[in-house]
Amino acid sequence: MSFTNLQECLAATLSSDPNIRISAELKLAELFKNPETGLALSHLILAQDAELPLRQSASILLRKYVKERWSPIFHTFKGSAPPVTIKTQIRQAVFQGLSDPDRRIRSLCAHTLSSIANSDWPDEYPDLLNFLVNLISSGSPNSVHGAMQLFTEFIKSDLTEDQILPVLRQLLPVLLSVLGSTESHSAPTRARTVSVFRQCVTALFMVKDQHPQAVKEATASVLPVWLDAFKVLLNLDIEQELQRSDNWDGLTVRIQVFKTLDTMHTSFPRALTHYLQEFLNSSLHHLQKLYPSFVHYYISPSESAPRNSEDETIELPQLICPIIDFISTVARSGKAKTWFEGERFTAMVDAIFKFTQMTDDDEESWATNPNSFVAQEEDETQTYSVRVASFDLLGVFMDRNPVQTIRVFDQIMKEVIRTSEMEKNAGHANWWRRLEAALVSLGSQAEAVLDCLEVEQESERPEPIDIGALLTNVIPPVLSLSECPFLQGRGFVFASQFSRLLPTQSATQYLEAAVQVIETPNINIPVKVSAVKAVHNFCQEGNESLLLPYASRIAKDLCPFLPITNEDTLLLVLETISSVLEIDKAKWLDIELANSLVYAILQVWKHNNKDPIFVSMLTDILVSLASSSAPSINNAVINQALPALTESLTSAKSDEFWITSSAIQLINSLVKGSEKLTEGFFSHIASVLFKCLGEAEDRDLLQNGIVCLTTVIRKDCSQLVAWRDVNGRSGLDYVLMLIAKTLENQDESGGLFLGDLIIHLLRQTGEAVLPVLPQLLQSMVNRMISAKTATFIQVG
C-alpha cells in the first residue's frame, strides 16, 4: 500500500460517517497482516506536513500493531511478525518521535516504544539504554521530555537485578542535571526525573541482598546528593506556585519529592537520619500553606483548580496525601522523637484536623450515595483520600504517645468548638465543617482514646480529655440540626463510639433518638445511615440492660432495609442485625419477626450468593436465628429456610457451584444453631445433598458439604443413620462414598475437614458404623501410602 493510500485510509477512520469509518477500520485490520503497514505508520507519525489528528491516529494504530503483530510475547499477538530489518526501521522512527516538536506525538511514541522495549530489550534492542541516556544528555527540552516519559515506564518494568546497577551509574547523574535545569525543562519533565529516581531507589532496595557492597556504595554516594537537591526544591516558595492561575506545574515536582522521601525512608532510613528534622519542618510548612487553597478549591469551591501545562489534572490531594504518608512513615518508625513534641506537634495535629473536612465533592457524593458514605470510614476502604490518610496518621500518633496526643486533641477540640460557634452566629454557611471534621477525627481513634482514659483512671492520673463534657454539652444540640445533616449524623456516631462513658439515662436517650431516626421516613441519607451506624456501635459495646428493651424494635426497623440496600450499606445493615441478634441470645424474637428476617435474609442471599463476605455474614445471622430459645422460633426458622435452600440445591445448574456451595453453608448454619435437629430435617435434604456432593468437583463445595455432614453427625447422628434412599442405601453408605471420593482426590487441602468428619462419625454412630468400618479403614490405609502432607496423614 502506498503512503498516500494509507493516509486516506486513516483519514477515513476519523470520518463521522459510521459506514465509511467501519469500512476503513476493517481494511486496516487486513493491512496489519503486511509488515510494511507498520513501517508506513511509523513514517506517517514523523511526517511534519501531515495533519496532527492523522499523525496521532497513526501513532495509536502503530501501538495496536505492535501489540498484535510484533511478538508472541504479547497475549494479543495474531501472527505475521515483521522481519528484523523492518523492526529496526520502526524502532528508529519511533525513537525519533521522542524528540518531535509536538508534545502529544512525543507522549504517544513513548507509549509505543515502551511496548516495543517490553519485547525487544535487551536482546534485540541492546542500544536502547545508551540512546536514551544520550537523548536526555542532549539538553533539548523536547528530547528530554520524550525520553523521560519512556524512562518512567522503562525502569518500572524492564530492568532485571543484574542490569539495575550499571544503568543507575549512567542514568542518575543525567537525571539530576535535568532536575536542576529549571530554565531549560518544564516542571512535569523534571518531576519525571524524580519519579524515575524513586523507581531506582526501589530497584536498589530489591537487589541489596544480592549486591550488598555495591548497593551500599551507591546509596552512600548518590542518595545524599539527591536529598540535598530535594531540600532546595522544597524550600522554594510554594505560595507563588499556588497563586498561578494558568497552571500548577510546580506542584508536580513536590508531589514526586514527597513520594520519594517516603520510599527512601522505607528502603534506606539511615540515609535520611540527618535530614528528618528539616523534611518534617518542610512537611508541616507545606500543609499549612496548602490549606487556604484546599479551602478555596475543594471545601468552598468557587472555581476549578488549575491544570498543568500538559493539560493534565493536578489535584491538591495528590500532594497532601504523600506529605501525610511521609510523616506517618517517619512517626511509625519511632525516629525524630523530639520533633513530635510541643508546638510543632500541636500545629501538625491541628493541620490534620483541618484536612479531614468534607470537601464539596464529598458532600455531593455522600448525600446521594449511601454506599460511598459508609465505605469512606471503613478500615478496609479501597478509596484512599486525604481524610483516610489523616485518620491513619492520627492512629500512628496515638500509638507513639497516646496521652500527649489526646491532650492535643482536647486543645484543638475546644478551639474548634469556640470558632464554630462564632461562625454559626455570624451566619457562615460552612460553619459546621470544622466541627464535623474534629468529631470524626477524634472518633476515628475512639478505641485507643477509651483505652488510654481507662489506664489513666486506674493510675489515678487526670484524664487528658473530657469526653463527658462533649457528650453532655456539644453533641445533644447537634442531633437536632437537620439543616446540617452530616454534622447531625456525626453526632449520633460520635455518641455511640464513646457510649461506654455515658450514664445509663444518657445512653438510653441517645439510643432512642437513633432508633427514632431509623423509623422516621424522608430523613436525609447521611443521617439515616449514621443512625444505623450508631445503633451498630451501641450493640458492639454489648450493654444488654440498655439494649434489650430495644432489640425487637431495632430488628423490625432494620428488616425492611434488607431488600432496598446493597454493597456497603447492606453489609452495615446485616452487621447491625447480627449484633442485635446477639442481645440476650435472641430470646426476644417472635415468630412473625423471625419469619420476616429469614425471608429477607434468603432474598439477600439469592442476590449475593457469589460474594463470600455476604455469605459469611448471612450464615452468622441464620445461626443466631436458629439458636434462639424463644418458643417455636427454631421450628419457624427451619420451616421457612430449609425448603427454599433445598430447592436451590435442586435447581442450581452444574456450573453454578457457588449457589450449591453457599446453600450448603446456610443449611449448616441451621444445623449449627439448633440444639437438636427437628424431626425429618435430614431426610428433607439427604437425597439432594448427597447427589450434589457426589457430582461435585469444586473443592470449596465438597469442604462445605463435609462440614455440614460433620455438624449433622454431632447434633443428631441418629437421623443420618436411620435415613435410606429409594434403593435402601443408608446415609452411612453415602458418607463412606464421600470419604472415599475425597481420599482419592490429589488435592489434600480437605484433609483437616475430613478428619473431623471421620472422628465424629466413629464417636457418634456406635455399632452402626461396624458394617462400613472395614471399607473405611481400607480406604484410609490406601490413601496414606501416597499422602504428601502431614495434615492428610493425620487423618489416618
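A: Let's start with Asp392, which is partly exposed at a relative accessible area of 34%. Partly exposed sits between buried (under 20% relative accessible area) and exposed (over 50%), with a 1.4 Å probe and protein chains only. Keep in mind that this is a predicted model: local features need pLDDT of at least 70, side-chain atom pairs count only at pLDDT 80 or more, and totals for chains, interfaces and linings use all residues. Residues are numbered from 1 along each chain as its sequence is written, and side-chain values use heavy atoms, with hydrogens and water left out.

Q: Which residue does Asp392 form a salt bridge with?
A: With Arg332, and their closest N and O atoms are 3.1 Å apart. A salt bridge here is a side-chain nitrogen of Lys or Arg within 4 Å of a carboxyl oxygen of Asp or Glu.

Q: Where do Asp392 and Arg332 lie?
A: Asp392 is in helix H20 (residues 386-400) and Arg332 is in helix H16 (residues 317-333), so the pair ties together parts 60 residues apart in sequence. Helices are DSSP runs (H or I, at least four residues), numbered from the N terminus.

Q: How many salt bridges are there in the whole structure?
A: A search finds 28. Another one joins Lys289 and Glu239, with the closest N and O atoms 3.5 Å apart. Lys289 belongs to helix H15 and Glu239 to helix H12 (residues 238-243), and the two are 50 residues apart.

Q: New topic: what does H15 pack with?
A: Helix H15 (residues 276-299) packs with helix H17 (residues 342-355) at an angle of about 35°, and their axes are 10 Å apart. The axes are lines fitted to C-alpha atoms over the stretch in contact, with angles from 0 to 180 degrees between N-to-C directions.

Q: Which residues make the contact?
A: Among them are Leu284, Leu287 and Phe294 of H15, and Ala347, Met348 and Ile352 of H17. Contact means heavy atoms within 4.5 Å.

Q: And how many of the contact residues are nonpolar?
A: The contact has 10 nonpolar, 3 polar and 2 charged residues. Ala, Val, Leu, Ile, Met, Phe, Trp, Tyr, Cys and Pro count as nonpolar, Asp, Glu, Lys and Arg as charged, and the others, Gly among them, as polar.
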